[in-house]
Amino acid sequence: VADQAKIKVFKFDPESERVSLGLKQITEDPWIQVADKYVESQRVNGKVVSLTEYGAFVELEEGVEGLVHVSEMSWVKRIKHPSQIVNVGDIVETMILEVDVENRRMSLGMKQVEENPWERLSRDYPEGAVLRAKVRNVTTFGVFVGIEEGIDGLIHVSDLSWSTKPKNPLEMYNKGDEVEAKVLNIDVENQRFSLGIKQLHADPWEEVERKFPIGTVIEGPVSKVFDFGAVVEITDEIEGLVHISEMSEDKIEDIHKIVVEGDKLRAKVISLIPEERKIGLSVKRLLEYEARESSEEFQKREAARTGTVLGDLLSERLAE
């Protein structure tokens, strides 16, 4: 016995003797009621009916499907294909993100039925909080540390040290290292977790005027030589510049012939601009100062010695 079905004729062309029939037209179009039944932010269950590279189609009722784009499947996982999360036939809970009745489209989200972990992190790790975490990856621009599964925090290279010397994170850290860092900012919307290591202690430049006032004599290695002068490392995080004109009383044509990286220099602090992180140093003025000091000391010794000799002679004369 042949199957029988009730169908609807919706087009007849006598010339071509073609009849267009429809089965779905027998029942009411379900999209007519969609606007009344489904609204944004509503949670709905549905069945996964097909997968594509860009998402999964979920059937909410016969004739009504919505798309869960791969970007709406997880807050933290990087999903390349929806099959990493769901399979055809799965019953999933989703949230309606947008309903477009005119174009018969509905956007759904799976991650929205769960709390955004980034919002939880912003509560658990307020700005200024200190945490310990393991290094997950190291790049030239910073260090990534694991906060929790699927979420990393970035310590930018500029937040590794107060030093103005260029830093290479690849030379400083390895995967698996445990580091302590301070929370600088959590950007929930853009999913960025910023941390800093240098912020664990005060900016040394705030104390530079007290520790290295003008006139202080310092000694340190030359970290960089430019045509206009040499940079001297005063501490691990503070450097000063000896301008070529402050290197010697004699005119220097090529500073590279006078000093190279690694040389130790003694110099005198002659200027301070903490807000610009600048310290001016002078080898020339230190030599002048020490020469003057030596001359004065010599004169004092000579005067003392001469005074002693005259005193002895006078005593002898008086004794006679």
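This report walks through the salt bridges, aromatic pairs and pockets of a predicted model.

## Salt bridges

Let's start with charged side chains that meet. The count for this structure comes to 15 salt bridges, and three of them get a closer look here.

One joins Asp124 to Arg120, with 3.8 Å from N to O. Both residues sit in helix H2, which covers residues 117-124, and they are four residues apart, so about one helical turn separates them.

## Bridges across the chain

Take Glu261 and Lys224, whose side chains meet at 4.0 Å, N to O. Glu261 is in the loop between strand S15 (239-243) and strand S16 (264-273), while Lys224 belongs to strand S13 (residues 217-226), and the two are 37 residues apart. Lys224 is partly exposed, with a relative accessible area of 39%.

Then there's the pair of Arg266 and Glu290, at 2.9 Å from N to O. Here strand S16 provides Arg266 and helix H5 (residues 283-319) provides Glu290, 24 residues apart. Arg266 comes out as partly exposed at 37% relative accessible area, and Glu290 also counts as partly exposed, at 27%.

## Rings that pair up

How many aromatic pairs does a search of the whole structure find? It turns up four. Tyr54 and Phe57 make one of them, an edge-to-face pair with 6.5 Å between the centres and 80 degrees between the planes. Tyr54 is partly exposed, with 44% relative accessibility, and Phe57 is partly exposed as well, at 22%.

Tyr125 and Phe193 form another edge-to-face pair, this time 5.9 Å centre to centre with 65 degrees between the planes. Tyr125 lies in the loop between H2 and strand S8 (130-139) and Phe193 lies in strand S12, so this pair ties together parts that are 68 residues apart in sequence.

Lys268 lies over the face of Tyr289, 4.1 Å from the ring centre.

## The largest pocket

The largest pocket has a volume of about 390 Å³. Its lining is made of 20 residues, and the ones nearest the centre are Phe226, Val231, Glu239, Gly240 and Leu241.

Sorted by class, the lining of the largest pocket has eight nonpolar, six polar and six charged residues.

## The second largest pocket

The second largest pocket holds about 330 Å³ of space. It is lined by 20 residues, with Arg78, Trp118, Asp152, Gln191 and Arg192 closest to its centre.

Strand S10 (151-156), strand S11 (178-187) and strand S12 (192-196) each give this lining at least two residues. The largest share comes from S10, which contributes five residues. By class, the lining of the second largest pocket splits into eight nonpolar, six polar and six charged residues.

Conventions
Residues numbered from 1 in each chain as written. Predicted model: local features only at pLDDT ≥ 70, side-chain atom pairs only at ≥ 80, totals over all residues. Heavy atoms only, no water. Buried < 20%, exposed > 50% of the residue type's maximum accessible area, 1.4 Å probe, protein only. 1 Å grid on protein atoms, 1.4 Å probe; cavity = no way out; pocket = protein on both sides within 12 Å on 5 of 7 lines; lining within 4 Å. Points joined across faces, edges and corners; volume = space filled by probe spheres on them. Nonpolar A, V, L, I, M, F, W, Y, C, P; charged D, E, K, R; others polar. Phe/Tyr/Trp six-rings, centres within 6.5 Å; stacked < 30°, edge-to-face > 60°. Lys NZ or Arg CZ within 6 Å of the ring centre and 35° of its normal.
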